[in-house]
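The following note concerns the structure shown below. It treats the helix packing, the sheet and the pockets in turn.

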Amino acid sequence: METNGVLEGKVAIVTGAAGSIGAASVAGYLRAGAKVAMVDLDEAGLARTKAGFGPGLVDRIATIAADVADEEQAANYVAETLRHFGRIDILFSNAGNDGPILQVQDYPVAMFDLIQRVHVRGTFLALRNVIPHLPDNGRIVVTASVVGLQGVPGSCAYVAAKHALIGLVRGTAKEVARRGITVNAVCPGPVDNAFMQAAEQSMTAMLGRDAREMFNNEKIPLGRHVTADEVAAAVLHLCSPGAGGTTGSCLMVDGGMGA
């Protein structure tokens, strides 16, 4: 990603920052000159991820352990970002979770509720708390998914949550548009990371065939999973000055799967 300097002086919040897409996006923001508040429930994961950036960059990072779906903790990570850096220019709402691959009639109610809580409530609270502090022409990106625009079997909770996020993006984009604030979704397809590997193991058991091979050979025109760095590049584009005319959109990073 050739992004050096395009976000100089900006401050970004990244939720789910200890995961692969979150960490790759943090790296992109840092290369672009921004300071970053890394937010995640996994405090140890935050520390490991931060340490991986080396001594030249860690001074531009704040780590904040938080449950993004808890009202008080969500307000606190925004307040902590302001305390550390004095401003917020960018929100990347990326925190998420996944559940078992099961038919809807077999899906556990508690797990369905938990997935909606993290994805939908967590993003709602991020928007609610960050938007009042964004300057005109601020940037918001939300991690949705290719399955936010299509149905797939066995993932009713995840599919429902990602559809809800796209609705939240589209509605919020119109609310803040007059201030020049853009709100967009990045929609990955299958990503080559541990999150997807776990989902594919469950899917393989349900389908009775190798889910990864099915995706690569039958579902993804490019014939491969995308990388976290490729998703991060799309996120950084949506946060760049050149993307000021793009809002309420879904940027697909899915190898053509949703085409």
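1. In this predicted model, helix α5 (residues 156-176) lies across β5 (139-143), β6 and β7. The direction of α5 is at about 160 degrees to that of β6.

2. These strands belong to an open sheet of 7 strands, ordered β3-β2-β1-β4-β5-β6-β7 and paired in parallel. At its edges are β3 (61-65) and β7 (250-253), each of which pairs on one side only. From one strand to the next, the twist averages 15 degrees.

3. Helix α2 (residues 43-51) also packs on the sheet, where it touches β2 (35-40) and β3. The directions of α2 and β3 make an angle of about 165 degrees.

4. Strand β6 (residues 182-188) runs parallel to β7 and is joined to it by 4 bridges. Proline 188 has valine 253, in β7, as its bridge partner.

5. The largest pocket holds about 1,000 Å³ of space. Its lining comprises 50 residues, with Asn97, Asp98, Tyr158, Lys162 and Phe195 nearest the centre. Elements giving two or more residues to this lining are α1 (20-31), β2, α4 (109-130), α5, α6 (194-207) and α7 (211-219). The greatest contribution is that of α6, with 7 residues. By class, the lining of the largest pocket has 29 nonpolar, 14 polar and 7 charged residues.

6. For the second largest pocket, the volume is about 150 Å³. It is lined by 14 residues, and Lys10, Asn137, Gly138, Arg139 and Cys239 lie nearest its centre. The lining of this second largest pocket divides into 6 nonpolar, 3 polar and 5 charged residues.

Notes:
Residues numbered from 1 in each chain as written. Predicted model: local features only at pLDDT ≥ 70, side-chain atom pairs only at ≥ 80, totals over all residues. Heavy atoms only, no water. Pairing = 2+ DSSP bridges. Axes fitted to C-alpha atoms, helices over the stretch in contact; angles between N-to-C directions. Contact = heavy atoms within 4.5 Å. 1 Å grid on protein atoms, 1.4 Å probe; cavity = no way out; pocket = protein on both sides within 12 Å on 5 of 7 lines; lining within 4 Å. Points joined across faces, edges and corners; volume = space filled by probe spheres on them. Nonpolar A, V, L, I, M, F, W, Y, C, P; charged D, E, K, R; others polar.
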